[in-house]
Amino acid sequence: MTIRSLIASVLAVLSAGTVAFVVTPSTPAATAADRGRARPPLVIGHRGASAHRPEHTLLSYEAAIAMGADYIEPDLVPTRDGVLVARHENEISQTTDVAERAEFAGRRATKTIDGREVTGWFTEDFTLAELKTLRARERVPDLRPDNTAFDGLAGIPTFQEVVELALRHGVGVYPETKHPTYFDSIGLSLEEPLLETLERNRVREAYIQSFETANLRELARRTKLPLIQLISASGAPYDLVAAGDGRTYDDLVTPAGLREVARYADGIGVDTRRVLPVGADGRTGEPTSLVRDAHRARLDVHVWTVRNENSQLPADHRLGDPASPAYPRATGDVAGFLDRLLELGVDGAFCDDPAMGRAVVARRAR
């Protein structure tokens with residue numbers, strides 16, 4: 001028995017502005033479908049512990065591990081020299097100090113990413129050595145002003161560094177391949193370096209996720225690790241759009257669509273509104289049948305993203321005085337919202353605050 005297992009009963013304690021950091025054991029990457037849905041729901045540290053530290057930094061991943069995350073989630077994009085790094089997007093002006101670096105002013109560019117025009121600085125235009133000179137910062141400072149205290153303290157981590165951290169602490173990794181069709185088009189395929197890193201480090205606790213379908217089908221032929229089809233509340237996978245295929249995410253969540261997804265993936269990662277719809281008044285409505293339908297197709301269901309702030313929660317889970325200037329960023333009834341999702345049978349949740357997620361899962365296990 002590991003030290004992590006011995007202290008698995010230690011819970012996260014949340015009080016006004018205080019988080020108790022805890023450690024819990026990691027869980028196998030075998031899907032709940034394979035295990036008869038007997039294991040507790042997974043707590044996935046969304047971009048680390050992004051409610052408490054600037055996202056996709058080692059500071060954030062370390063905090064997520066201390067707070068009890070079963071898995072930490074790096075979004076992956078490549079450098080010009082083909083190294084995978086953890087950033088939410090390949091455009092990095094919101095998450096680093098690149099715009100203030102005079103030596104990189106000439107790298108500013110406008111590109112079309114997944115059919116959308118984007119202007120800024122892009123990881124694929126920098127070598128890893130150049131990216132390592134940049135400093136990370138909070139992406140949404142108005143929503144999370146406390147996180148700005150950590151601006152400049154961390155750099156951009158490589159996927160290798162994230163994997164080493166996870167292995168050192170006995171947790172899993174849950175990487176997302178960002179914009180695979182776009183990166184294939186410029187000769188920077190994501191799948192090969194992703195699998196090479198996982199295989200070289202003998203990673204066994206991992207899920208691989210994507211909003212596109214073609215790269216998951218490719219990965220299904222090359223790895224036994226579980227794959228997760230990400231599904232937005234609207235729109236369509238970009239690889240299908242680029243191929244002229246008219247199917248949308250709505251089509252993927254029908255019973256027939258889920259059976260097709262199950263041919264290449266082990267689960268779905270869905271916007272919480274796919275499980276608990278939100279009406280025009282901002283309040284949650286009646287649950288959908290998605291969790292039941294996915295389980296019938298032997299697919300796990302992981303939901304994203306459970307966030308603490310009132311502005312990120314349905315109206316019926318907000319707390320405080322709406323007239324207060326701090327109301328949008330004040331913590332709402334996030335535990336109650338997550339509890340409702342777990343009651344509907346979801347198998348895991350991406351949480352910006354893994355301590356909260358761990359506390360809710362542990363309370364339900366009593």
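Contact means heavy atoms within 4.5 Å, and the legends below use the word in that sense. The model is predicted: local features need pLDDT of at least 70, side-chain atom pairs count only at pLDDT 80 or more, and totals for chains, interfaces and linings use all residues. Residues are numbered from 1 along each chain as its sequence is written, and side-chain values use heavy atoms, with hydrogens and water left out.

**Figure 1. Surroundings of I72 in the largest nonpolar core.** Leaving aside neighbours within four places in sequence, I72 is in contact with G45, Y61, A64, I65, V162, A166, V171, G172, V173 and Y174. I72, L198 and I268 touch the most other members of this core, which has 80 residues. Apart from it lies another core, of 9 residues, including L42, I44, Y207 and I228. A nonpolar core is a set of buried Ala, Val, Leu, Ile, Met, Phe, Trp, Tyr and Cys residues joined through side-chain atoms within 4.5 Å. Buried means under 20% relative accessible area, exposed over 50%, and partly exposed in between (1.4 Å probe, protein chains only). Buried residues make up 53% of the 366 residues in the protein.

**Figure 2. Helix 2 and helix 6, with the residues that follow them.** Helices (H or I, at least four residues) and strands (E, at least two) are DSSP runs numbered from the N terminus; the protein has 13 helices and 15 strands. In helix 2 (residues 58–66), S60, Y61, A63, A64, I65 and A66 are buried. G68 follows helix 2 and has a positive phi, near 105 degrees. Helix 6 (residues 191–200) buries E191, L194, L195, T197 and L198. These residues lie on the same side of helix 6 because they cover an arc of only 160 degrees around the axis, the arc being that of the directions from the helix axis to the C-beta atoms. R202, with a positive phi near 55 degrees, comes after helix 6.

**Figure 3. Strand 5 and its two pairing partners, strand 6 and strand 10.** Two strands pair if DSSP finds at least two bridges between them. From strand 5 (residues 75–78), D75 and V77 point one way and L76 and P78 the other way, and all are buried. Strand 10 (residues 176–177) pairs with strand 5 in the parallel sense over 2 bridges, and E176 of strand 10 stands opposite D75. With strand 6 (residues 84–86), strand 5 pairs in the antiparallel sense over 3 bridges; V85 is the bridge partner of V77. The hairpin of strand 5 and strand 6 has 5 residues between the strands, and G82 there takes a positive phi near 80 degrees.

**Figure 4. Strand 15 between covered faces.** In strand 15 (residues 348–351), G348 and F350 on one side and A349 and C351 on the other are all buried. Strand 3 (residues 42–45) runs parallel to strand 15 and is joined to it by 4 bridges, with V43 opposite A349. Strand 14 (residues 300–306) also runs parallel to strand 15, through 3 bridges, and V303 has A349 as its bridge partner.

**Figure 5. Y238 in helix 8 (residues 238–242).** Y238 is partly exposed, with a relative accessible area of 23%. Not counting residues up to four places away in sequence, Y238 touches D114, G115, T181 and E212. Y238 and G115 are 123 residues apart in sequence, yet 8.3 Å apart in space, C-alpha to C-alpha.
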